[in-house]
Amino acid sequence: MSTPLTELSAAGVAVWLDDISRQRLRTGNLADLVAQRGVVGVTSNPTIFQKAIGAGDDYAEQLGDLALRGVDLGEAVRLITAADVREACDVLRGAYDASGGVDGRVSLEVDPRLAHDTERTVAEARALWWLVDRPNLFIKIPATKAGLPAITRTLAEGISVNVTLIFGLDRYDAVIEAFQSGVEQAVAAGRDVSDLASVASFFVSRVDTEVDSRLDKIGTPAAKALHAKTAIANARLAYERYEKAFGTPRWAALAAKGAKAQRPLWASTSTKDPSLPDTIYVSELIAPNTVNTMPEATLQAFADHGVVGGETIRPFYDDARAVFAALAEVGIDLDDVIETLEAQGVQKFEDSWKQLLDTVARQLSNPPSND
């Protein structure tokens with residue numbers, strides 16, 4: 001039976017869930033979403049884990065064991081999050097096999113405090129890849145300046161990567177270059193790259209949140225007319241760059257070796273502005289070979305009343321450029337917007353990581369009984 005989510009999948013958009021928790025895994029909720037909602041991937045981040053571990057007693061037994069063993073706090077967090085991701089990888093393994101390794105992926109992020117440290121990011125990526133030990137894992141690495149060489153080196157070692165915290169087009173160009181260079185190095189090293197995969201996670205709604213607040217301060221009719229238009233225009237122009245980058249002879253040579261293109265992934269797709277439709281960042285970003293990772297509320301909303309009316313990216317490149325031109329005319333500095341959003345994004349994940357460490361530290365110091 002055709003549903004909005006099956007129509008979205010048929011249009012080339014992979015439906016991923018932006019959430020993970022031990023309760024979701026143990027109750028079979030994730031398996032149900034895979035079977036009933038067509039979910040073919042899962043993303044996680046420090047905020048998601050902080051909320052999951054801080055709620056309920058689903059982690060009590062493992063925390064008790066870790067406390068008895070005297071495990072270091074940082075290592076305890078790695079072991080807890082890796083256990084959830086490993087189990088989610090097993091739930092998604094069918095989607096991974098059915099898609100030839102394109103989907104069925106589950107993402108685990110490196111410690112966000114390493115966002116500006118290339119060497120430690122690479123070391124952490126290696127450790128997490130080994131710890132989870134599943135072929136359908138993605139290691140999430142932020143698209144900071146220090147993250148770019150780490151992305152290349154991690155891919156060159158045969159580790160699949162979800163590049164996160166992308167906000168601007170120029171940085172996206174650098175991410176594509178980092179990806180293609182990594183694949184080239186993997187090929188040069190004699191690696192089989194047919195199972196090496198990557199997505200480029202472009203954050204969407206946060207762009208509107210930042211730009212719209214600036215438009216409100218400007219307050220002119222021209223500024224108000226641009227409300228809620230920047231994020232979609234930004235993502236559409238990112239897809240245009242994706243098409244160009246993966247339509248070159250350079251990429252064709254890698255594809256001939258079995259390499260998979262790095263798909264654009266639309267992240268932060270929940271609607272922050274209550275005046276907007278709750279599915280706007282899904283219905284307005286439909287194009288082949290993309291991923292939309294949604295919180296469950298957005299996923300269920302789209303399942304209930306989402307509309308797939310054909311492609312909503314490629315026919316609107318000129319409209320997107322017109323939005324950018326209009327933003328410049330009213331005085332919006334998009335370069336400053338992007339710089340602000342990246343700094344905020346890294347800081348938010350660092351704050352969540354610290355909260356996660358505090359939560360685990362409290363429970364390790366007062367472990368629950370396993371009796």
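1. Let's start with a helix pair: the axes of α4 and α18 come within 8 Å of each other and cross at roughly 25°. Axes here are lines fitted to C-alpha atoms, for helices over the stretch in contact, and angles run from 0 to 180 degrees between N-to-C directions. α4 and α18 are therefore roughly parallel to each other (angles under 35 degrees count as such). Helices are DSSP runs (H or I, at least four residues), as are strands (E, at least two), numbered from the N terminus.

2. A word on the source: this is a predicted model, in which local features need pLDDT of at least 70, side-chain atom pairs count only at pLDDT 80 or more, and totals for chains, interfaces and linings use all residues. Residues are numbered from 1 along each chain as its sequence is written, and side-chain values use heavy atoms, with hydrogens and water left out.

3. Which residues of α4 and α18 meet? From α4 come P46, T47, F49, Q50, I53 and G54, and from α18 come F349, S352, W353, Q355, L356, T359, V360 and Q363 (contact means heavy atoms within 4.5 Å). By class, this contact has 7 nonpolar, 7 polar and no charged residues. Ala, Val, Leu, Ile, Met, Phe, Trp, Tyr, Cys and Pro count as nonpolar, Asp, Glu, Lys and Arg as charged, and the others, Gly among them, as polar.

4. Now for a second pair: the axes of α3 (residues 29–37) and α16 (residues 296–305) come within 13 Å and cross at roughly 25°. That makes α3 roughly parallel to α16. N29, L33 and R37 of α3 make the contact with E296, L299, Q300 and A303 of α16.

5. On to the pockets. The largest pocket holds about 740 Å³ of space. A pocket is an open set of points on a 1 Å grid over the protein atoms alone, where a 1.4 Å probe fits, with protein on both sides within 12 Å along at least five of seven lines; lining residues have an atom within 4 Å of a point. A volume is the space filled by probe spheres set on the points, which are joined across faces, edges and corners. Of the 38 lining residues, D18, N45, T47, I48 and K51 are the closest to the centre of the largest pocket. α18 gives the most to this lining, with 5 residues.

6. The second largest pocket has a volume of about 370 Å³. Its lining has 17 residues, and G168, R171, D335, I338 and E339 are the closest to its centre. The largest share of this lining, 5 residues, comes from α18.

Definitions and conventions
Parallel < 35°, antiparallel > 145°, perpendicular 65-115°, else oblique.
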